[in-house]
2 protein chains.
Amino acid sequence: MIEVRILGSSAGGGFPQWNCTCTNCSRLRAGTLHGKPRSQAQVAVGLGGDRWCLLNASPDLRFQIEATADLQPQAKADDEIRSSPIAAVVLTSGDLDNVLGLLTLREFQPLEIYATRSIRQIITSENTFFRMLQRVNPQAAWHDMKPGEAFELGFSQESVARCELVPLTGEYPEYVSQETRATLSPEEAVVALKVEVVSSGRRMIYCPALPGISDDLKAQFEACDLLLLDGTFWSDDELTRIALSQRTSRDMGHLPISGPRGSLEVLSKIQRPKKAYIHINNTNPILDEESAEFMSLTAAGWGVAEDGMQFSL
Amino acid sequence: MIEVRILGSSAGGGFPQWNCTCTNCSRLRAGTLHGKPRSQAQVAVGLGGDRWCLLNASPDLRFQIEATADLQPQAKADDEIRSSPIAAVVLTSGDLDNVLGLLTLREFQPLEIYATRSIRQIITSENTFFRMLQRVNPQAAWHDMKPGEAFELGFSQESVARCELVPLTGEYPEYVSQETRATLSPEEAVVALKVEVVSSGRRMIYCPALPGISDDLKAQFEACDLLLLDGTFWSDDELTRIALSQRTSRDMGHLPISGPRGSLEVLSKIQRPKKAYIHINNTNPILDEESAEFMSLTAAGWGVAEDGMQFSL
């Protein structure tokens, strides 16, 4: 069995967001929202033997670790003063809200980092800050993830996890120059992760950015036991309507939850997995637990991820 | 009058630090330390008219803003959904714990950033992540700080602040390559900041990294009203003694508080300013308020900065 912990459940910027006075952020700060603050999306998977793997590394990681006793170092009898149960990180994209937390994990600590070759390149080759993860040996060890090549993580027989990427059709972050972008594989920009417990065959899919749903992807969703899915926006025009962006939800690589061909409709027949929306933007009405949108999700069998939530696989 | 808020008071890594089981971190987590958790060093200066200037930008900034109502955006009558009272940031070095928070301030918000030309270069020219601060116009506007050239910040007559850098003899962060280092001015690596209220002449000096104290610097300290000083390490061998580093406090650009020619001794005759140690490492015994070290500081007229502390100038 492996444990899945939701350490953070909001989209980039968090909820509330530092410079936002949308209805949700204002009501949350005023204490009038029936809803909860959320830190930036972060999942941890327990691998047994007190070792954990992080799915992405959010900018809020320092606070997320201090809120989760199992992720804190245990004082040992010997003289080793620095240690961590966090053994590995797997990245699904190069977005800042998925990778900045790697720089939190910089204090000379060994760490296995799994990412596509392209994501590793745009992070480490073009940002000297990441040299802080290469000051001693062992420290950060990067591994290239490739479609169809699974890798195993785990420290006790019951908790060995087989991880594999699921390629999606997303785009590279805006900080990547046109020149660099031309050298990168399009299918390595944004991926979902499949994590399977080897002993039981039970599996989860972590998909915090979902540009669209192919038939094959839908079949993979149906075949898993836990689906944590992109819940960034409720509607395609969520930001354009309040003039916060000229781009729709789909333009930004996030299939909206509602509307024609939204994820709720497309996945309405999915039966097997326990399913929850995660990576929820501060403008999303489902953050208000008294909203019709929140209730419609509950009625359709979807959960809404919140910080501190736990699952077992 | 301007207000000075301590939003964070620890050295890089925070207290407790994610991978540390030193006596302080272990006792804090166990609830047996007579002391307080601290986020990474961050100061905000109130400039009147609800506008604030940050001294450095810590990785913990999202949480520090949410803990400080004055730094949160106010909902306005018009349709402007994004805004912030944070108007400017002044940087004292390129250390990650001083600059990563800039990337928190990335949501299309106008921001004036003051730094030496060399610090701007090692941050922005060598880290593509910072393009996220240049997506719209106006967004981040960088200004070169030079020794002897003051600049003014402020939005109400009583609160105009004149800022000036005080060059120190520090080194560039370890992420800067030898080739780049050779092209940079040594005196632009680490600075202290002098902030003077123009209407009253009252001034503070913010000096979170203090490599050493020249006679001139000592005279500047004596002439200010508030001194927030490098309190990273209590003793020069603080990390070498517990085998956490092969470098002494002085090797790392931090004059220790105690010992011969430590800052406590060198500044023992300083009378005029209110003075407090800040940027306190998790290993520092002054974090324990029952320690002899903490009490000796209090007896010598020094405060120990903690998150939430306030001063007026």
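**Figure 1. Arg62(A) lies over the face of Phe63(A), at 5.1 Å from the ring centre.** Chain B has its own such pair: Arg62(B) lies over the face of Phe63(B), 5.1 Å from the ring centre. A charge counts as over a ring if NZ of Lys or CZ of Arg is within 6 Å of the ring centre and within 35 degrees of the ring normal. This is a predicted model: local features need pLDDT of at least 70, side-chain atom pairs count only at pLDDT 80 or more, and totals for chains, interfaces and linings use all residues. Residues are numbered from 1 along each chain as its sequence is written, chains are lettered from A and ligands numbered from 1 in the order in which they are written, and side-chain values use heavy atoms, with hydrogens and water left out.

Figure 2. The whole structure holds 9 aromatic pairs over all chains. Rings of Phe, Tyr and Trp (its six-membered ring) pair if their centres lie within 6.5 Å; planes under 30 degrees apart count as stacked, over 60 as edge-to-face and the rest as tilted. The rings of Phe130(A) and Phe129(B) are edge-to-face because their planes stand at 85°, with centres 5.8 Å apart. Helices (H or I, at least four residues) and strands (E, at least two) are DSSP runs, numbered from the N terminus. Phe130(A) is buried at 4% relative accessible area. Phe129(B) is buried at 1%. Buried means under 20% relative accessible area, exposed over 50%, partly exposed in between (1.4 Å probe, protein chains only). Ring pairs also link Phe129(A), Phe130(B) and Tyr175(B) into a cluster.

**Figure 3. Tyr114(B) and Phe151(B) form a stacked aromatic pair.** Their ring centres are 4.1 Å apart, with 5° between the planes. Tyr114(B) sits in strand S5 (residues 111-115) of chain B and Phe151(B) in strand S7 (residues 151-153) of chain B, so the pair ties together parts 37 residues apart in sequence. Both Tyr114(B) and Phe151(B) are buried.

**Figure 4. Salt bridges tie together parts of chain A, one of them between Glu306(A) and Lys36(A).** The structure holds 36 salt bridges over all chains. A salt bridge is a side-chain nitrogen of Lys or Arg within 4 Å of a carboxyl oxygen of Asp or Glu. In the bridge of Glu306(A) with Lys36(A), the closest N and O atoms are 3.4 Å apart. Glu306(A) lies in the loop between strand S13 (302-304) and strand S14 (310-312) of chain A, and Lys36(A) in the loop between helix H1 (23-30) and strand S2 (42-46) of chain A; 270 residues separate them. Glu306(A) is partly exposed at 23% relative accessibility, and Lys36(A) is partly exposed at 32%.

**Figure 5. Asp144(A) forms a salt bridge with Arg117(A).** The closest N and O atoms are 3.4 Å apart. Asp144(A) is in strand S6 of chain A and Arg117(A) in helix H4 of chain A, so the pair ties together parts 27 residues apart in sequence. Asp144(A) is partly exposed, at 28% relative accessibility.

**Figure 6. Arg247(A) and Glu174(A) meet in a salt bridge.** The N to O distance is 3.1 Å. Arg247(A) lies in the loop between helix H7 (238-241) and helix H8 (263-266) of chain A, Glu174(A) in the loop between strand S8 (161-167) and helix H5 (178-182) of chain A, so the pair ties together parts 73 residues apart in sequence. Arg247(A) is partly exposed at 34% relative accessible area, as is Glu174(A) at 42%. Elsewhere, a network of salt bridges links Glu152(A), Arg162(A), Glu196(A) and Arg203(A).

**Figure 7. Strand S12 (residues 274-278) of chain B is largely enclosed by the rest of the structure.** That is because 4 of its 5 residues are buried. S12(B) runs parallel to strand S11 (residues 226-230) of chain B, joined by 5 bridges. Two strands pair if DSSP finds at least two bridges between them. Leu228(B) has Ala276(B) as its bridge partner in S12(B). S12(B) also runs parallel to strand S13 (residues 302-304) of chain B, joined by 3 bridges. There, Tyr277(B) has Val304(B) as its bridge partner in S13(B).
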